[in-house]
Amino acid sequence: MDELKKQQKLLEMLKGDDPEELDRQKIRYALYARKSTAGDEKQESSVEDQIRDCMDRIITPQNLNVVRIYQENFSAKVADTREEFKRLIRDIQAGQIDGLIAWHPDRLSRNMKEAGTVIDLVDRHLIKDLQFPTFTFENSPAGKMLLGITFVMAKQYSEHLSESVNRGNRRAVEDGEFIGKFKHGYIVDVDRHFQPDPDNFTKVKHMFDMALDGKSQKEIRFWINEQDYKVQKRPQADPVSHKWSKDDVSELLRDPHYAGVHKWGATLITLNEKYDFQAMVTVDDFLKINRIDSLDSPKILTINRPRGGDIKANMLRQMVYCGHCGETMTSMMTNKKKNGEVYEYRYYYRCDTPDCELEGRSARAKFVIDEAQRFFTKYLFVTKSNYNVFIENAKQQIKQSQKKMNSEIARLKVEIGNKEASYEKIKKLIENDETGKLHKHYNLDASLAEIEKTRGRYNEILQLRKEAPNALPTFEEYLKLFESTPVILGKIQDMKQMDSLLRIFFSNFTITARGKDFRQGSDVTYKLKEPWDGFLKANDFVLGAGTGTLTLDLVLGKDAL
């Protein structure tokens, strides 16, 4: 099999079947909700939650036509025991229903027979669309396989596939054109095609070679960051230095673009079918790097899937450097528990640079905070010229804040409209419910209260936008702000607030151990942002600090967002 055929095979495996684009507005949907037993009060309330989730997350946003609701109190472990489910299947076979909505596949079935019935109805196109708020179904062989596994295991899958980009972007991608997704090692020519970057192609290719040789992602990152790597992300733009993060390296090695299959949203193409594209790695080597046995492996579907998870250890992330190797330190957080409850958090920075003399050693964030407090105690930027520069910067920040407020106002306006539409649709469903049971599972008063709460937030942002120009401090307030900063810094417990305050003044910090370990004592240095760094260099400051009592709101500003 030559390389182009392998690329085409890789594309097909990544893509699966390409189902016709559905017109969901013409589909007649049924909503099915189920709990296992009549006596379990917790499960009784879950029926309401299922219906609410389906309404709020699927039916209302897509304006789907729900013609019938089926709900029952019975286990799905044994086949042919649920009367409402059997009535649902009969109605689908009779052509009265051609779309199905449920909170999760395990609400429909926990046994192979009825699971097979649902999948068979999909195969025969009697069910044209399946929708779940907790599970993304795609009508393809791989999608049906996942659905079948989910039926049997009753395990919640929350992986969501990327939505298709708009038609214009899709056509551009199908022609092999660049539409804004920068790729390391490539530049874009006049035809908007990817061509090897003469400065970086070899460097990035070497990263793949290192992975093939068994080098770790940490070692690869360390190597590329020693290469004076610069990128030109837009035509006619000047190249800028780029520091590779752990995520950068991981995403590079998992991107099929470098094997000749370009992905944008849900669209996939083989670039060599469009023009003479030079792949950086063969398909076989790409699979080897990603530990996939063959082109027939379903594991291909996991390539380039977005990785979730919130980053909690984000205070001064990418801003703290090791004084021994000059690389950024990894932000990390541990906690102490008592009786299962967290009573204390401890924040650290750890050097993960290979071959650094302090690799794997950690320094407490307290070293950084203490140095910041000493800075604010020593220097006061409270001259009249300081104040004038501060006011000009503040005016620009107010303009940016107003732009964010405008965006939030627009979002809330749409949210209010969606909630009102959901309320009206639920109200209509209750009025037309043949069973008379739906009203027990949906609290219309609570929905109205939620609408009013959102409307209150909307009005609050409107008022804040109106008052924003009046938020500039007087010179006297500016003096109090700096006199109070070291006191406030010592009292802040919330890491997000601490991070926001420090980022106003500092560009980075560097921690250097006095001995063989940070714990034996550490020195911390810093670099200031402008205009503070300019003030310091020009000796435009006052020595010493007071002990004001200004609140944190006056330091950080009443940021509505």
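On a 1 Å grid over the protein atoms alone, a cavity is a set of points where a 1.4 Å probe fits but cannot get out, and its lining residues have an atom within 4 Å of a point. This is a predicted model, in which local features need pLDDT of at least 70 and side-chain atom pairs count only at pLDDT 80 or more, while totals for chains, interfaces and linings use all residues. Residues are numbered from 1 along each chain as its sequence is written, and side-chain values use heavy atoms, with hydrogens and water left out.

**Stop 1: the cavity**

Select Arg-221, Phe-222, Asn-225, Glu-327, Thr-353 and Pro-354, which line the largest cavity. Its volume is about 30 Å³, where a volume is the space filled by probe spheres set on the grid points, joined across faces, edges and corners. The count of cavities of 30 Å³ or more is 1. The lining divides into 2 nonpolar, 2 polar and 2 charged residues. In this scheme Ala, Val, Leu, Ile, Met, Phe, Trp, Tyr, Cys and Pro are nonpolar, Asp, Glu, Lys and Arg are charged, and the others, Gly among them, are polar.

Keep Asn-225 selected. Asn-225 sits in the loop between helix H9 (217-224) and strand S7 (230-231); helices (H or I, at least four residues) and strands (E, at least two) are DSSP runs numbered from the N terminus. With a relative accessible area of 13%, Asn-225 is buried. Buried means under 20% relative accessible area, exposed over 50%, and partly exposed in between (1.4 Å probe, protein chains only). Leaving aside residues up to four places away in sequence, Asn-225 touches His-242, Lys-243, Trp-244 and Glu-327, contact being heavy atoms within 4.5 Å.

**Stop 2: a parallel sheet**

Next, show the open sheet of 4 strands in the order S2-S1-S3-S4, paired in parallel. Its edge strands, each pairing on one side only, are S2 (65-73) and S4. Two strands pair if DSSP finds at least two bridges between them. Neighbouring strands of this sheet are turned by 20° against each other on average, direction ignored.

Zoom in on S3 (residues 99-102), which pairs with S4 in the parallel sense over 3 bridges. Here Ile-101 stands opposite Gln-131 in S4.

Axes are lines fitted to C-alpha atoms, for helices over the stretch in contact, and angles run from 0 to 180 degrees between N-to-C directions.

**Stop 3: Arg-107**

Select Arg-107 in helix H4 (residues 105-108). Is Arg-107 buried or exposed? Arg-107 counts as buried, at 8% relative accessibility. Apart from residues up to four places away in sequence, Arg-107 touches Tyr-32, Arg-34, Lys-35, Gln-50, Arg-82 and Ala-102.

**Stop 4: backbone exceptions**

Most residues other than glycine have a negative phi, and most peptide bonds are trans. The places below depart from that.

- Select His-125, in the loop between helix H5 (112-123) and strand S4 (129-131). His-125 is not a glycine, yet has a positive phi of about 65°. His-125 is exposed, with a relative accessible area of 55%.
- Select Gln-318, in the loop between helix H11 (283-289) and strand S11 (320-322). Gln-318 also is not a glycine and has a positive phi of about 65°. Gln-318 is partly exposed, at 41% relative accessible area.
- Select Glu-530 and Pro-531, joined by a cis peptide bond with omega of about 5°. Pro-531 is in the loop between strand S17 (522-528) and helix H17 (532-537).

Note on methods
1 Å grid on protein atoms, 1.4 Å probe; cavity = no way out; pocket = protein on both sides within 12 Å on 5 of 7 lines; lining within 4 Å.
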